[in-house]
Amino acid sequence: MEDRSSEIVRDISQIKPLSPSAASLLDIASKEEHDLMDLVQIVKHDASLTAQVLKVVNSAAYGFDKEITAIDRAISFTGEDALVSLAMSEAAAMIYESDLAGYSGQKGDLWDHNLLTALGAKKVAEHAKSPLNGDVAFTCGLLHDFGKAIISGFLENTADKVIKALDSGKVADYATAEEKILGMDHCRAGFELAKHWQLPEPLPSVIRYHHEPHAAPEEYRALVYAVHLGDMLAMMSGKGTGADAMRYVLDNRYSDYIDLAENDLALIMMDIDSQFMKIKESMEG
Ligand SMILES: [Fe+2]
Ligand SMILES: [Fe+2]
């Protein structure tokens, strides 16, 4: 093993900051107590984001006959999920443009995977044993795998070797292999980026522990489990990020925090798939 963690951290320090409106949206969207109107105020002060939200709501995916021109109305239709997704796709374009070469993935995979995980985490949150804010779960899901874009370049040409090591049982999961190869896995890299961007809790903790929820601070653990399960659902739906898809371990202790029957999973998968298509269509159209 070669420890490249300091190089990775140095790269992260060069990543440009989030736009002020994306940072404010994340600040609000990660709070337990917040509503859509708080987010509207931020969008109103950002001309480019306003224009994009209007474009989305007037796209074929929403199917309105008359053009919607008022931003408050537009956001009442798009809702928080689409709004936060839009703001992040802009602000983190550089990350989403990664082709994930180190994972033998493709451009666009990370966005699809994060979005489907976000939708899954939000649905799973409805099954939490104590109340869990689904919008917060969505935002956490949307950011959970950013670390992959950061370490992908360092992992080039390692995927075959990692798969072999996994198949032979030498390493337990993909994140452990990353840690062995680079001295840092994508969870830690994402956590370092969250610190660089000064993202508020629970975001840094969820990103850091999404593959080992049992190790997360107790106050965020249920939320981390929701994202952990959302992540699994996304991979099961065929939206992974390349070679590492389904190469992680499901932490079964989720059942201490979340009540999920087997047919709940199938229903959630169908539900998030249709929401996913709608958001994708509206953002591309
Ligand atoms: Fe991950
Ligand atoms: Fe993931």
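Visitor: Which side chain does Asp 81 join in a polar contact?
Guide: That would be Lys 122: a polar contact of 3.1 Å joins the side chains of Asp 81 and Lys 122. Keep in mind that this is a predicted model.

Visitor: Okay, and where is Asp 81 placed?
Guide: Look at helix H5, residues 71-91; Asp 81 is in there.

Visitor: Is Asp 81 buried or exposed?
Guide: Asp 81 is buried, because its relative accessible area is 11%, and buried means under 20%.

Visitor: Which residues is Asp 81 in contact with, leaving aside its neighbours within four places in sequence?
Guide: Asp 81 touches Leu 119, Lys 122, Asp 135, Phe 138, Gln 275 and Ile 279. Lys 122 is also its partner in that polar contact.

Visitor: Let's switch to the metals. What coordinates the iron ion (ligand 1)?
Guide: Four residues do: Asp 145 through OD, and His 186, His 210 and His 211 through NE2. The distances are 2.1 to 2.2 Å.

Visitor: Why is the arrangement around the iron ion (ligand 1) irregular?
Guide: It's down to the angles: the four donor atoms subtend 87 to 177 degrees, which makes the arrangement irregular. For comparison, four tetrahedral donors would ideally sit at 109.5 degrees.

Visitor: How are those donor residues spaced in sequence?
Guide: The pattern for the iron ion (ligand 1) reads D-x40-H-x23-H-H. Asp 145 and His 186 are 41 residues apart and link distant parts of the chain. Asp 145 is in the loop between helix H8 (134-143) and helix H9 (146-151), while His 186 belongs to helix H12 (residues 186-196).

Visitor: Are Asp 145 and His 186 buried or exposed?
Guide: Asp 145 is buried, with a relative accessible area of 0%. His 186 is buried as well, also with 0%.

Visitor: How far apart are the iron ion (ligand 1) and the iron ion (ligand 2)?
Guide: They are 3.5 Å apart, and Asp 145 coordinates both.

Visitor: So what coordinates the iron ion (ligand 2)?
Guide: Its donors are NE2 of His 113, NE2 of His 144, OD of Asp 145 and OD of Asp 231, at 2.0 to 2.2 Å. His 144 is buried, with a relative accessible area of 0%.

Visitor: And what are the angles and the spacing at the iron ion (ligand 2)?
Guide: The four donor atoms make angles of 81 to 170 degrees, and the site is irregular. Along the chain, the donors of the iron ion (ligand 2) follow H-x30-H-D-x85-D.

Visitor: Zooming out, which domains does the protein chain have?
Guide: The domain assignment gives domain 1 (5-18 + 99-284) and domain 2 (19-91). Their C-alpha centres lie 24 Å apart.

Visitor: How many residues are in contact between domain 1 and domain 2?
Guide: On the domain 1 side there are 25, in contact with 24 residues of domain 2. The area buried between the two domains is about 2,000 Å², with carbon and sulfur atoms giving 65% of that.

Visitor: Which three residues supply more of the area that domain 1 buries against domain 2 than any other three?
Guide: Leu 18, Ser 282 and Met 283, which supply 29% of the area that domain 1 buries there.

Visitor: Last one: where does Asp 273 lie?
Guide: Asp 273 lies in helix H15, residues 262-284. Asp 273 is partly exposed, with a relative accessible area of 35%. Asp 273 and Ser 237 are 36 residues apart in sequence, and their C-alpha atoms are 8.1 Å apart in space.

Note on methods:
Residues are numbered from 1 along each chain as its sequence is written. Chains are lettered from A and ligands numbered from 1 in the order in which they are written. This is a predicted model: local features need pLDDT of at least 70, side-chain atom pairs count only at pLDDT 80 or more; totals for chains, interfaces and linings use all residues. Side-chain values use heavy atoms; hydrogens and water are left out. Donors are N, O and S atoms within 2.8 Å of the metal (3.2 Å for Na, K and Ca); water is not among the atoms, so sites may look incomplete. Four donors count as tetrahedral if all angles lie between 85 and 135 degrees; four count as square planar and six as octahedral if opposite donors are over 155 degrees apart and all others between 65 and 115; anything else is irregular. Helices (H or I, at least four residues) and strands (E, at least two) are DSSP runs, numbered from the N terminus. Buried means under 20% relative accessible area, exposed over 50%, partly exposed in between (1.4 Å probe, protein chains only). A polar contact is a pair of N or O atoms within 3.5 Å; within protein, one must be able to donate a hydrogen and the other to accept it, and residues adjacent in sequence count only if both atoms are side-chain atoms. Contact means heavy atoms within 4.5 Å. Domain bounds come from an automatic or database domain assignment. Buried area is the accessible area (1.4 Å probe) that two parts lose on being put together, summed over both.
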